[in-house]
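I opened the notebook to record what I looked up in this model, entry by entry.

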Amino acid sequence: VDMWETGQKAIAHVFFDLEAETCFALSEWATSILSWRRDATDLFPQGPRDRGPIRKFVVNDQGTRALSLGSDKDLGLWDLTTGEWIHGFDIPPMFGRDVAIDAAGTVGACAMKASVTLIYDLVRCELRRLLRPARRNGSVNVVALSPDGTVLVTCNTNGTAEVWDTQTGICRNTVGFHTESVECITLDPRQDLVITGSNDASLRVWSFTSAQLSHTLWGHNAPVSSVSFSDGIIVSVDRSGLTLCWDVDTGKRLSDEESAQFVASLPTASLVDHDTAIQVGDGATFAFGRPVVGHQLLSDKKRLVAACGPNLFVFQVHD
């Protein structure tokens, strides 16, 4: 079923969880998610529930809020200054692919497997919009929000990407710079540049305002799995473990010596002891006793955020 009307709500997408025998209906007009069991007609009441293990999380630039994607059906909003879990949003189980948050922590996005992206108002804690391209371009794989939260970039498994206006829900542009699935994305906060990495072993630097390609970066011999940006330098890592650095303005690849010096200057946090502990640089080690699924050293270099089980942990890092 693609669309039907129930009262004044237009249903844009329907998902059915076979194991839980639960139907989830995403309403495009009312921008809400409804859920009910197959043998019942009443909607599930909204209220506290057990949270599944966290699979992914993202922290806003100010380091005050985090948005986490659980393995059950939770999109969780956290206050990193108090350690409190603020709110949980219902999403269809295991349909979430990636999450994004703006610099202030007021707008969030969740990419879904079925070419759908959900936009959330994190101040009012409510679903704002459901974004769906006119033509399906595979599943949405990774997403990124502009610092002010007004622009969303969604990247797909077929190598295409869309640029959305989050306030109107209008798709501004669709581009196809990659030939295979886009696996990672980052934005240059100084300007309107997007840097994407793909299974085609390349990176593309392009403008989300004009949709024009600035640079194509070749040098990896394996799919690019991670890309980050710092002080005008792009740092990319592929699945073989090769790390390369590039000048974002010229597209020029830094020499091996320059790359090594730049990477060594960055604050680092790495998993050790079979991914059950995190070591910050050559100093403190934080042990969990079970695998950590993700971690991030915040821009202030004084706090470390890690996801383990259904919880986020915030550690103070001392010099």
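**Cavities**

I looked up the second largest cavity and found about 40 Å³ of space in it, a volume being the space filled by probe spheres set on grid points that are joined across faces, edges and corners. The model is predicted, so I kept in mind that local features need pLDDT of at least 70 and side-chain atom pairs count only at pLDDT 80 or more, while totals for chains, interfaces and linings use all residues. Residues are numbered from 1 along each chain as its sequence is written, and side-chain values use heavy atoms, with hydrogens and water left out.

I noted two cavities of 30 Å³ or more in the structure. For the term I used a 1 Å grid over the protein atoms alone, a cavity being a set of points where a 1.4 Å probe fits but cannot get out, with lining residues having an atom within 4 Å of a point. The lining of the second largest cavity consists of G159, A161, V175, F177, H178, V182, T196 and W206. I sorted this lining into five nonpolar, three polar and no charged residues, counting Ala, Val, Leu, Ile, Met, Phe, Trp, Tyr, Cys and Pro as nonpolar, Asp, Glu, Lys and Arg as charged, and the others, Gly among them, as polar.

**The four-stranded sheet**

I traced an open sheet of four strands in the order β13-β14-β15-β16, with antiparallel pairing. Strands here are DSSP runs (E, at least two residues), numbered from the N terminus, and two of them pair if DSSP finds at least two bridges between them. The edges are β13 (140–145) and β16 (171–175), each with a single partner strand, so one side of each is left without a neighbour in the sheet. Neighbouring strands of this sheet are turned by 15° against each other on average, direction ignored, the axes being lines fitted to C-alpha atoms and angles running from 0 to 180 degrees between N-to-C directions.

I then followed β15 (residues 161–165), which pairs with β16 in the antiparallel sense over four bridges; E162 has T174 of β16 as its bridge partner. In strand β14 (residues 151–156) I picked out V151, which counts as buried at 5% relative accessibility, where buried means under 20% relative accessible area, exposed over 50% and partly exposed in between (1.4 Å probe, protein chains only). The C-alpha atoms of V151 and D102 are separated by 9.5 Å, although the two residues are 49 apart along the chain.

I found β22 (residues 233–238) joined to β23 (residues 243–247) by five bridges, the two strands running antiparallel. I233 stands opposite D247 in β23. Four residues lie between the strands of this hairpin, in which G241 takes a positive phi near 95°.

Which residues other than glycine did I list with positive phi? One is A211, with phi near 60°, and another is H274, at about 55°.

**Cysteines**

I counted zero disulfides in the structure, taking a disulfide as a pair of cysteine sulfur atoms within 2.5 Å. C184 is in none, and the nearest cysteine sulfur, that of C155, is 9.0 Å away. C184 is buried, with a relative accessible area of 6%.

Note on methods
On a 1 Å grid over the protein atoms alone, a cavity is a set of points where a 1.4 Å probe fits but cannot get out, and a pocket is an open set with protein on both sides within 12 Å along at least five of seven lines; lining residues have an atom within 4 Å of a point.
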